[in-house]
Amino acid sequence: MSTNSLNYRDLDIGINTFGENSFQEGEVYENKYFNDNFERLVKIKTTVDPENFFRNEQSIPVAKA
């Protein structure tokens, strides 16, 4: 089991460019960070921040429209 530090972005495991493949790019590293919670977090992020205003290289992407 790996551990992560809060607010630490390990860019070696993947980044998100927030282009057309944003969700697929996010899946690569998000499953490593959040395990089975990725889908649930995407739903929450899409509801709370549908314009994806709050983002960084490894933030949770919004669901495709």
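Reader: How many aromatic pairs does the structure hold?
Author: There is 1 aromatic pair in this predicted model.

Reader: What makes the rings of F53 and F54 a pair, and why is the pair called edge-to-face?
Author: Start with the centres: those of F53 and F54 are 4.9 Å apart, and rings pair if their centres lie within 6.5 Å. Then look at the planes, which sit at 90°. Planes over 60 degrees apart count as edge-to-face, so that is the word for F53 and F54.

Reader: Are F53 and F54 buried or exposed?
Author: Both F53 and F54 are exposed.

Reader: Now the charged side chains. How many salt bridges are there?
Author: The count comes to 1 salt bridge, and K45 and D49 are the residues whose side chains meet in it.

Reader: What makes the contact of K45 and D49 a salt bridge?
Author: The N to O distance is 3.2 Å, and the rule asks for a Lys or Arg nitrogen within 4 Å of an Asp or Glu carboxyl oxygen. So K45 and D49 qualify. In general, side chains of opposite charge can pair when their charged atoms come close.

Reader: Why is F34 called partly exposed?
Author: F34 has a relative accessible area of 31%. Buried means under 20% and exposed over 50%, so F34 falls in between.

Reader: Where is F34 found, and which residues does F34 touch?
Author: F34 is in helix 1, residues 22-34. Leaving out residues up to four places away in sequence, F34 touches L41 and I60. I60 is 26 residues from F34 along the chain, with 10.0 Å between their C-alpha atoms.

Conventions. Residues are numbered from 1 along each chain as its sequence is written. This is a predicted model: local features need pLDDT of at least 70, side-chain atom pairs count only at pLDDT 80 or more; totals for chains, interfaces and linings use all residues. Side-chain values use heavy atoms; hydrogens and water are left out. Helices (H or I, at least four residues) and strands (E, at least two) are DSSP runs, numbered from the N terminus. Buried means under 20% relative accessible area, exposed over 50%, partly exposed in between (1.4 Å probe, protein chains only). Contact means heavy atoms within 4.5 Å. Rings of Phe, Tyr and Trp (its six-membered ring) pair if their centres lie within 6.5 Å; planes under 30 degrees apart count as stacked, over 60 as edge-to-face and the rest as tilted.
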